[in-house]
Amino acid sequence: MSLIFDQSQPGRFNGAQMQARAAIATIPAHLRRTTAPALPEVSELQGVRHYTRLSQKNFSIDTHFYPLGSCTMKYNPRASNRLAMMPGYLSRHPLAHANLSQGYLACVHDLQEMLKAVTGMKGFSLTPMAGAQGEFAGIAMIKAYHAARGDHARTEILCPDAAHGTNPATATMCGYTVREIPTDANGDVDLAALRAAVGPKTAGLMLTNPSTLGVFERRIEDIARTVHAAGGLLYYDGANLNAILGKVRPGDMGFDVIHINLHKTFSTPHGGGGPGAGPVGVNDRLLPFLPIPMAALENGRYHWLTGKDRPQSIGRLSAFMGNAGILLRAYVYARMLGDAGMRRVGEYATLNANYLLATLRKNGFDAAFPQRRATHEFIITLKRQAKDLGVTTLDFAKRLLDYGFHAPTVYFPLLVAECMLIEPSETETKEALDAFAATLSKILVEAQTTPELVKGAPHHLPVRRLDEVRAAKELDLRWRPHG
């Protein structure tokens, strides 16, 4: 039974809720509802079993391989959760005075310093509550920088055609016009097109390196020189930082501002819309504009820097000082890794991706960029299978669900036909990668021999394939009693 209402019987109740029922007497009569809410009437055991069964139907990183490209769905160490939930942290009020928060402030200050070290930036603010908000902060600081110089003619932000969709959205929210820059056949930004596009209107370029095409931008220094020579700044989308962590720093590539998804690179809970954290780091020229507050250390004491200390700041981005629980988890994870551990993250993220790519190519799949090494993720294209067999990337993805694997990202980036973007992450074992590759290869054989089986998938899940267009246009999530 998928709905708990199917088990409901009049008069049956959950004894654990009796205390809540007794509390109704304390509510003034004129504030009480006159009709009973349409709630299921089930026993406590029925309720426990129902929701436990539902939880067992979920895909999660604790139970399944989750190779979502550009999303870094990797394992979160339990130690990070346990230490972040110590009573002293968990019970701390967000507005507690700095004198009563020295331990917490020490942690976030150290996290700021560690992020500076691994990115090559000169300052960090931990305030942004998500990657998208970190993006917004980055472009808002670029805008504040140009405004402070009286350079109001810069109205354009450049974005590669392989950019994450949030990049042009962020630029538009900050009042900029977005200008798209193409990529060439090898997956690199078209340098000639970039040189033709930059000019007095250029405020900056938004870029992630490696890109969403799963390749490293080989001419990044030329790109940086081109944008800087035109008076623009470079923003680094940190979604793909896993690939280079401990190996190369965005600041050394020439980037002026970066946001980091702590809920990706630094292994904090990810998915379901939150929680998240998207700290922003900047070089010297953007330091005055960092969002507040930031943790500072002076004369052996920690305190918050506010608008009085940073009059050119773009201001606050959240009610308090950022997502404290996520910041603490990232801090613990970074401390556990250390310098050598961070290098291993980059090494194993790229090793796993290149191993999986090589295995899939050997088994008959086509790489989107066969002349390029994978970074932490890679793209295979199923356009040959779609043309010859009539079996699409979506069909492969749905069939994977039958075998207990979450499907990779499909049809993104849009530049690659019948695209499957795969990111194994650094926390998966060789055995897990082999099992995934073997399953995809088995589906390839099915597509060749019994294509209707693949085109009709999934077959073994509680919900079969949905009409996704209709679901989006006619979404109905309400339950209504019969009769």
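This is a predicted model: local features need pLDDT of at least 70, side-chain atom pairs count only at pLDDT 80 or more; totals for chains, interfaces and linings use all residues.

Colleague: What is the strand order in the open sheet of seven strands?

Modeller: Strands here are DSSP runs of E, at least two residues, and helices are runs of H or I, at least four residues, numbered from the N terminus. Two strands pair if DSSP finds at least two bridges between them. The pairing in this sheet is mixed, and the order is β1-β7-β6-β5-β4-β2-β3.

Colleague: What is the bridge partner of Tyr-235 in β6?

Modeller: Strand β5 covers residues 233-237 and strand β6 covers 257-259. They pair in the parallel sense over three bridges. The partner of Tyr-235 is Val-257.

Colleague: Which helix lies across β2, β4, β5, β6 and β7?

Modeller: The helix covers residues 131-148 and runs at about 175° to β5. It is α6.

Colleague: Is His-376 buried or exposed?

Modeller: His-376 is found in the loop between β10 (366-367) and β11 (378-381). Buried means under 20% relative accessible area, exposed over 50%, partly exposed in between, with a 1.4 Å probe and protein chains only. At a relative accessible area of 0%, His-376 is buried.

Colleague: Which side chains does a polar contact of 3.3 Å join to His-376?

Modeller: A polar contact is a pair of N or O atoms within 3.5 Å; within protein, one must be able to donate a hydrogen and the other to accept it, and residues adjacent in sequence count only if both atoms are side-chain atoms. Contact in general means heavy atoms within 4.5 Å. Leaving out residues up to four places away in sequence, His-376 touches several residues, including Pro-210, Glu-423 and Pro-424. The polar contacts of 3.3 Å go to Asn-240 and Thr-375.

Colleague: How many residues apart in sequence are Asn-76 and Arg-329?

Modeller: Asn-76 sits in the loop between α2 (44-56) and α3 (78-84). At 12% relative accessibility, Asn-76 counts as buried. Its side chain has a polar contact of 3.3 Å with that of Ser-267. From Asn-76 to Arg-329 the C-alpha distance is 9.1 Å, and the sequence separation is 253 residues.

Colleague: Which residue does a cis peptide bond join to Pro-413?

Modeller: Pro-413 is found in the loop between β12 (409-410) and β13 (419-422). Omega is about 0° for the bond, and the partner is Phe-412.

Colleague: What is the phi of Asn-299, and is that residue buried or exposed?

Modeller: Asn-299 lies in the loop between β8 and β9 (301-305). Its phi is positive, about 55°, although it is not a glycine. With a relative accessible area of 81%, Asn-299 is exposed.

Colleague: What geometry does the aromatic pair of Phe-65 and Phe-405 have?

Modeller: Rings of Phe, Tyr and Trp (its six-membered ring) pair if their centres lie within 6.5 Å; planes under 30 degrees apart count as stacked, over 60 as edge-to-face and the rest as tilted. A search of the whole structure finds five such pairs. Phe-65 and Phe-405 are 6.3 Å centre to centre, with 85° between the planes: edge-to-face.

Colleague: Which ring does the charged end of Lys-143 sit over?

Modeller: A charge sits over a ring if NZ of Lys or CZ of Arg is within 6 Å of the ring centre and within 35 degrees of the ring normal. The charged end of Lys-143 is 5.5 Å from the centre of the ring of Tyr-176.

Key. Residues are numbered from 1 along each chain as its sequence is written. Side-chain values use heavy atoms; hydrogens and water are left out. Axes are lines fitted to C-alpha atoms, for helices over the stretch in contact, and angles run from 0 to 180 degrees between N-to-C directions.
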